[in-house]
Amino acid sequence: MPAMVGERSEEGFAALTLESEARGGLEAVFVPEAGMICCSLKHRGEELLGQRAGLRAYVDHYSTMGIPFLHPWANRLGGDRFELAGRQVDLTLPGLPLKREEHGLPIHGLLSAAAGWRVGRHAELDSGGALAAGFDFAAYPHLLEAFPFPHLVEIEATLVEGSLEIQTSVTATGEVAVPIAFGFHPYLALPGVPRADWVLEAPIHERIVLDDRGLPTGAREPAAIETAPLGERTYDDAFLAPSPGTAFALVGPDRRIELRLDRGYPFTQIYAPAGLDAVAIEPMTAPTDALLTAGPDLTFVPPGESFAASFSISVL
């Protein structure tokens, strides 16, 4: 039997692999030294993740691709300096690994392509493999000065029976509660099928209304997405997530990719702009800009305790 875990180089970076022979074969590739990103997910040897500008551009310019981890916030923030739970957050400090979007707003957190991840487990399982790594946020003074909430992040990925599950936990390691607003940005794609022919299944029912900068206005409204070929439709919209375990799907003639928000992700953003051969269905633990608004949708983890969330991607 071939090994279900392995090591190799991806664009010059050390990568770790997980494999499963089920459903025609599925392989996931993670790069711990580049933010624990899942840079590739292949089914029957064909890539299911949008590569965009590639792994090197992600490391050099924080140009997202694959399945990047967004922490300590997902998507945009409405400002650079603000008070949160009695502490001052300052994203103007020099040397931060920070990306800004078209309006100049900080986006996608402070761990883009972070090199400080420590692998704790990379092992075979029955019919697959597992990979676990952690990042001690408090061990990096420049990060802690900007976002003064000591914590440990741990990601565990398991690949078995044609399904990749990614579980993330945050443990508050200091004397202050830690706000939870992380997320992921999986760029899903159907290889060999024109984007216009991809069928999107998105069982959402309520939209979070955004302003012209992509920030929530505070309003919500009923919403539905037709299950039909994408055609010329585009999206950059925020929603309340369906009940845990409900499947989103991207469907083609001979392949169905399902994404489930299994636990801890009550919000999602669907991102499918014109010109992008991918659809991002984003697991989010809090709404966009939750760190600034600090409303009832923002969870805090008390000192010494942990928060965990998981999502999964299956190929049928």
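**Notes on the model**

1. Strand 20 supplies 5 residues to the lining of the second largest pocket, the largest share. Strands (E, at least two residues) and helices (H or I, at least four) are DSSP runs numbered from the N terminus. A pocket here is an open set of points on a 1 Å grid over the protein atoms alone, where a 1.4 Å probe fits, with protein on both sides within 12 Å along at least five of seven lines; lining residues have an atom within 4 Å of a point.

2. This is a predicted model, in which local features need pLDDT of at least 70 and side-chain atom pairs count only at pLDDT 80 or more, while totals for chains, interfaces and linings use all residues. Residues are numbered from 1 along each chain as its sequence is written, and side-chain values use heavy atoms, with hydrogens and water left out.

3. The second largest pocket has a volume of about 230 Å³, a volume being the space filled by probe spheres set on the points, which are joined across faces, edges and corners. Its lining has 15 residues, of which Pro 216, Arg 220, Pro 287, Thr 293 and Asp 297 are the closest to its centre. Strand 20 (216-222) and helix 3 (290-293) are the elements that give two or more residues to this lining.

4. For the largest pocket, the volume is about 270 Å³. Among its 16 lining residues, Arg 76, Glu 102, Ile 107, His 108 and Tyr 271 lie closest to the centre. Two or more residues come from each of strand 9 (99-100) and strand 25 (267-272).

5. By class, the largest pocket is lined by 3 nonpolar, 5 polar and 8 charged residues. The lining of the second largest pocket divides into 7 nonpolar, 5 polar and 3 charged. Ala, Val, Leu, Ile, Met, Phe, Trp, Tyr, Cys and Pro count as nonpolar, Asp, Glu, Lys and Arg as charged, and the others, Gly among them, as polar.

6. The largest nonpolar core has 82 residues, and Phe 30, Leu 110 and Trp 117 touch the most other members. Strand 28 (residues 306-315) gives the most to this core, 5 residues. Such a core joins buried Ala, Val, Leu, Ile, Met, Phe, Trp, Tyr and Cys residues through side-chain atoms within 4.5 Å, buried meaning under 20% relative accessible area with a 1.4 Å probe, protein chains only.

7. An open sheet of 9 strands runs in the order 11-12-13-14-28-24-23-18-21, with antiparallel pairing; two strands pair if DSSP finds at least two bridges between them. Its edge strands are strand 11 (118-125) and strand 21 (228-229).

Definitions and conventions
Buried means under 20% relative accessible area, exposed over 50%, partly exposed in between (1.4 Å probe, protein chains only).
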